[in-house]
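Biologist: I have a protein chain on the screen and would like to go through it with you. Could we begin with the overall picture and then turn to particular residues?

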Amino acid sequence: MKKIQKISLIILSLCILLPSISLAASPLPTPPTGKLETAESIGDLINKIATFLYGILLALAVIFGLIAAFGYLTSGGDPAKIGKASKQLLFAAVAIVVAIAAWGLSKLIPNLLGLQ
């Protein structure tokens with residue numbers, strides 16, 4: 001049992017560390033020009049805020065999914081822990097689907113109405 005916990009902890013650590021290692025090689029961002037980016041309309045501002053929130057919420061849903069998977073792996077066969085982890089995993093999957101559907105609808109509806 002201890003061996004499974006160690007292996008799952010190593011896998012979880014790699015899942016968290018490898019993306020940050022790959023980002024270490026990215027080029028430096030360009031320095032600010034002194035001008036603030038402004039939204040051209042209220043719709044543009046709402047779109048920027050929605051895109052920002054979508055990214056954060058999707059990342060949180062994936063993190064909660066990884067936590068649920070880790071709980072499932074370390075449950076040790078306890079039915080209560082397996083049930084709890086299964087519910088958490090289901091909720092994380094539903095959150096990801098809802099986030100993707102909401103983002104898709106926010107792009108689809110203006111195109112159908114001819115607003116863009």
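Modeller: We shall take the fold, the confidence, the surface and then some individual residues. Please bear in mind that this is a predicted model.

Biologist: How many helices and strands does the protein chain have?

Modeller: The protein chain has three helices and zero strands. Along the sequence the pattern reads α-α-α.

Biologist: Where is confidence lowest, and where is it highest?

Modeller: Helix 1, residues 2-23, has the lowest confidence, with a mean of 65, while helix 3, residues 79-113, has the highest, at 83. For the protein chain as a whole the mean pLDDT is 75, and 69% of the residues reach 70 or more.

Biologist: Then let us stay with helix 3. What span should its 35 residues have?

Modeller: At 1.5 Å a residue, helix 3 should span 51 Å. Its end C-alpha atoms lie 50 Å apart, which agrees with that expectation.

Biologist: Which residues of helix 3 are buried?

Modeller: They are Ala85, Ala92, Ala99 and Pro110. Just after helix 3 comes glycine 114, which takes a positive phi of about 75 degrees.

Biologist: What share of the whole chain counts as buried?

Modeller: Of its 116 residues, 9% count as buried. The chain exposes about 9500 Å², and carbon and sulfur atoms supply 76% of that area.

Biologist: Which residues make the nonpolar surface patch?

Modeller: The patch covers about 930 Å² and is made by Leu45, Ile49, Phe52, Leu53, Ile56, Leu57, Leu60, Ile63, Phe64 and Ile67. One of these, leucine 53, is placed in helix 2, residues 42-73.

Biologist: Why is leucine 53 classed as partly exposed?

Modeller: Its relative accessible area is 42%. Leucine 53 is therefore partly exposed, since that class runs between 20% and 50%.

Biologist: Now for glycine 65. Is it buried or exposed?

Modeller: Glycine 65, which also lies in helix 2, counts as buried because its relative accessibility is 13%, and the cut-off for buried is under 20%.

Biologist: What is glycine 65 in contact with, apart from its neighbours within four places in sequence?

Modeller: With those neighbours left aside, glycine 65 is in contact with Leu89 and Ala92. Ala92 is among the buried residues of helix 3. As for leucine 89, its C-alpha atom is separated from that of glycine 65 by 5.4 Å, although the two residues are 24 apart along the chain.

Biologist: And what fraction of the contacts with a separation of 6 or more joins residues 24 or more positions apart?

Modeller: Such pairs account for 63% of those contacts in the protein chain.

Notes. Residues numbered from 1 in each chain as written. Predicted model: local features only at pLDDT ≥ 70, side-chain atom pairs only at ≥ 80, totals over all residues. Heavy atoms only, no water. Helix = DSSP H or I, 4+ residues; strand = E, 2+ residues; numbered from the N terminus. Buried < 20%, exposed > 50% of the residue type's maximum accessible area, 1.4 Å probe, protein only. Contact = heavy atoms within 4.5 Å. Areas by Shrake-Rupley, 256 points an atom, 1.4 Å probe, with all protein chains shown as cover. Patch = residues over 30% accessible without salt bridge, like charges linked within 9 Å, V, L, I, M, F, W, Y side chains within 5 Å. Salt bridge = Lys/Arg side-chain N within 4 Å of Asp/Glu carboxyl O. pLDDT = per-residue confidence, 0-100. Expected span 1.5 Å × (residues − 1).
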